[in-house]
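Hi everyone, thanks for coming. Today I'd like to walk you through one model, looking at its helix packing and then its pocket.

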Amino acid sequence: MTPRIAVVLSAGGLRGAAHVGVLRQLRRHDIPVHALVGVSAGAVIAAYYAAVGLSVDELIEDAARFRGRHLLTYSLNVRSGYRYERSLKRWCGVIPDRLCQLESARFERLHHGIQHLGIVCHDTRAQRPRYFSATQNRGPALSDLVRASASIPHLFPTVNVICNGNEWRLTDGGVSDPVPIAFARELIDATHVIVSDCRWVGRTPAPASNVLWLRPRMAATGTLWSPRRGLVAAIGQGEMTLTTAALKTVDSWFARSTAASA
């Protein structure tokens, strides 16, 4: 059986820029990505890459221009009910324009060879994760779900959506499932999973033959703070996780598949 690969992009705040480096290397080495699952910062990268269709180069350009203060100013804009939109918008960097692009994005219309997209949020009433895709928990707009998944508690308010006839109050998916491997497997019945784990802290499970766990090292970049070129450096750290050994692991998945079908 040909491997069906799901890639999980974890939570991590600004550290999530490293996900772009991982995607860049996967493309460079022609590693197929059948499903992309994102949570929190990972949901932002996954949605803009797979659903909006931004290229890796465009994501890198955004990272070079992005500053932590843009996020804080946008938070102020949201919490004020957009009353000061005209004054604050220009201090929010690329965020307003990119959010406009996200409004027309759909789970069913994907790019870059991605066949399935999954987004994870946290339900504040049920105190559990909620999983969304083209076939699961359909109804809420993708743009609302991405905003909810990346709504850092205390910085952004919850996002209310109607799903399955119920009102759900959603927030940062990293609260309850920061590395949603089980959902990624379920989404496409994946045979293999690649995890890009950008969390500051978090347990890394024991090695598994069908899971490649990538953990970029980003000592200079935090969840909400970063030096001036920190996000670009984080992208570079993401690229570095695709070591020769890691690439050999992925090659072995396809080699075993070829041998089994011979």
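A quick word on the ground rules. This is a predicted model, where local features need pLDDT of at least 70, side-chain atom pairs count only at pLDDT 80 or more, and totals for chains, interfaces and linings use all residues. Residues are numbered from 1 along each chain as its sequence is written, and side-chain values use heavy atoms, with hydrogens and water left out.

Two packed helices are described by the angle between their axes and the distance between the axes. Let's start with α1 (residues 18-28) and α9 (residues 230-240), which pack at about 45° with their axes 6 Å apart. Helices here are DSSP runs (H or I, at least four residues), numbered from the N terminus. Axes are lines fitted to C-alpha atoms over the stretch in contact, and angles run from 0 to 180 degrees between N-to-C directions. That angle makes α1 oblique to α9; under 35 degrees would be roughly parallel, over 145 roughly antiparallel, 65 to 115 roughly perpendicular, and the rest is oblique.

Who touches whom? On the α1 side, the contact residues include Val-22 and Arg-24, and on the α9 side they include Ile-235 and Glu-239, with contact meaning heavy atoms within 4.5 Å. The residues of this α1–α9 contact divide into five nonpolar, three polar and three charged. For those classes, Ala, Val, Leu, Ile, Met, Phe, Trp, Tyr, Cys and Pro are nonpolar, Asp, Glu, Lys and Arg are charged, and the others, Gly among them, are polar.

Helix α9 also packs with α3, at about 140° and with axes 7 Å apart. That makes α3 oblique to α9. Here Ile-60, Ala-63 and Ala-64 of α3 meet Leu-231, Val-232 and Ile-235 of α9. By class, that is six nonpolar residues, no polar and no charged.

The contact is made by Ala-47, Tyr-48 and Val-52 of α2 with Arg-98, Leu-99, Gln-101 and Leu-102 of α6.

How much space lies in the largest pocket? About 850 Å³. Among the residues closest to its centre are Val-44, Phe-66 and Ala-150. The lining divides into 27 nonpolar, five polar and three charged residues. Helices α2, α3, α6 and α9, among others, each supply at least two lining residues.

Notes. On a 1 Å grid over the protein atoms alone, a cavity is a set of points where a 1.4 Å probe fits but cannot get out, and a pocket is an open set with protein on both sides within 12 Å along at least five of seven lines; lining residues have an atom within 4 Å of a point. Grid points are joined across faces, edges and corners, and a volume is the space filled by probe spheres set on the points.
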